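Student: I would like to learn how to read pockets and helix faces from coordinates. Could we work through an example together?

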Amino acid sequence: MTVATAPNLLSEDEALSLIETVIQQSEAEDVFVSLSNSEEALTRYSENQITQNVSSTKFTLSITSYFGKRSATTSTTELDPEAIKATIKRSEELATIAPEDPEWVPLLEPQTYENRIPAFDQATACFSPLQRGERVQTICKMSQDANVEGSGTLSSEAELLAIGNSLGLRACNRLTSADFGFTAKIDKGSAWSKRSAISIQDLPIESLTETIINRAYSARNPREVQPGVYPVIFDGAAFAELLMWVMFNLDARAADEGRSFMSRMDEQGKPAGNRVGEAMFSPLVNVQRDPAHPLIGDSTFFADGLKKDNLSVIKDGVPQTLSYSRYWAAQQGVEANGAMYPVVMAGSPQSLADLIAQTERGILVSRAWYVRYVNPRTLEVTGMTRDGTFWIEDGKIAYPIKNLRFNQRLPELFAEVDGLSQVERYGSVVVPGVRVKAFNFSSITDSI
């Protein structure tokens, strides 16, 4: 019986050699080539049994040909030399008839990336369906023994990313990641959480399963609490969802053009720059782009070739920078810095239980669900609590409460942060549990 499988990925040498071949065959004035190769595997379970087991190997070669300010991109999923030649030719043909790009920027010169090796765990890359099934079997048995309905997913991925252009830019990284999500339901009580890691062996599968089962029991028979403004403690998984809304909206161009909560407006209501350098948030809020964080170990470059290095985004509640694309950076005379991920928010040595013990009265939110814009300009969002919402009184969880809809301006929420717990990784986000002094709930919902 096979208990492990070798990853069917290109080697770094093979990937860079293929990119070199495409560049040599190109007849365009300039060419940019990107290659992604991944193996993904996922087991889905529901009602304490496996319901789906899937795996996929993906390969994509994308070629962007340039003639002056005209460009076009074509892709292929085949390694066949003739298919690649046809993809190059099609890219060149389309580029010659494409309109000029008014926001054209020249290709990047060769970059100096951080001297580190992104995290690649061989055991995760070789993790077999049998091994994954054994882990899920443990989860399902724990759920069955506790008389709850357990559902969720366990997945892993090994990935290779490579880029190159006709000016000599070259880069290649390999990465692994693993994710575990679990929901427990009993009667009208439910609980959920998730975790992510570089290695599937580092996922706290059994301990998290036990925690969520206990939380589901505690969530039964919820009481009704009237909507209003309350102190709130967010589990890290819930706060990660809200934090990413802020990070995705730290775009320099949107701020400078008056379309963002980071926009500064003059007396006539016209854009007058951005709010970098202003004390906007609680001094407890410290956020970095940190691909080298030990829980993440991300790649050294972005898909367009920009460096993915450490960047202070918010320090002591003060925004330090915004995300500048290459075009907007050139317009503003600053250096392009890429996107604001992976995200790492600093925490503290405290546990979530410590935050609860320090709270006289408030609400514990385990999950922020179906978050959507209300007003992009002010970054007001709406969403619902779900899978375990509790009333806190005298430093203890007193009883479960019915789920609530919230309407909240996130910049104001971040200004109200007054407590942090230890950090955990959720997807590409490392974040603590967070306590805020005020959070606005607008109505009760029927969701569980």
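Tutor: Rolling a probe the size of a water molecule over the atoms shows where empty space is left. Here the second largest pocket is lined by 21 residues, of which Arg195, Asp235, Leu352, Glu424 and Tyr426 lie nearest its centre. A pocket is an open set of points, on a 1 Å grid over the protein atoms alone, where a 1.4 Å probe fits, with protein on both sides within 12 Å along at least five of seven lines, and lining residues have an atom within 4 Å of a point. This is a predicted model, in which local features need pLDDT of at least 70 and side-chain atom pairs count only at pLDDT 80 or more, while totals for chains, interfaces and linings use all residues. Residues are numbered from 1 along each chain as its sequence is written, and side-chain values use heavy atoms, with hydrogens and water left out.

Student: Which element gives the largest share of the lining of the second largest pocket, and what is the volume of that pocket?

Tutor: Strand E20 gives the largest share, five residues, and the volume is about 350 Å³, a volume being the space filled by probe spheres set on grid points that are joined across faces, edges and corners. Strands (E, at least two residues) and helices (H or I, at least four) are DSSP runs numbered from the N terminus.

Student: What volume does the largest pocket have, and which residues lie nearest its centre?

Tutor: The largest pocket has a volume of about 530 Å³, and among its 30 lining residues Glu159, Leu161, Leu175, Asp298 and Lys308 lie nearest the centre. Strand E4 gives the most to this lining, with six residues.

Student: How should I read helix H1, and which of its residues are buried?

Tutor: One can begin with length, where the expected span is 1.5 Å times one less than the number of residues; the 14 residues of H1 (residues 12-25) should span 20 Å, and the end C-alpha atoms are 20 Å apart, which agrees. The buried residues of H1 (under 20% relative accessible area, with exposed over 50% and partly exposed in between, for a 1.4 Å probe and protein chains only) are Ala15, Leu18, Ile19, Val22 and Ile23. They cover an arc of only 140° around the axis, taken from the directions from the helix axis to the C-beta atoms, which puts them on the same side of H1. On the other side of H1, Asp13 and Gln24 are exposed.

Student: What covers the buried residues of H1?

Tutor: The cover, judged by contact (heavy atoms within 4.5 Å), includes E1, E2, helix H2 (81-97), E4 and E5.
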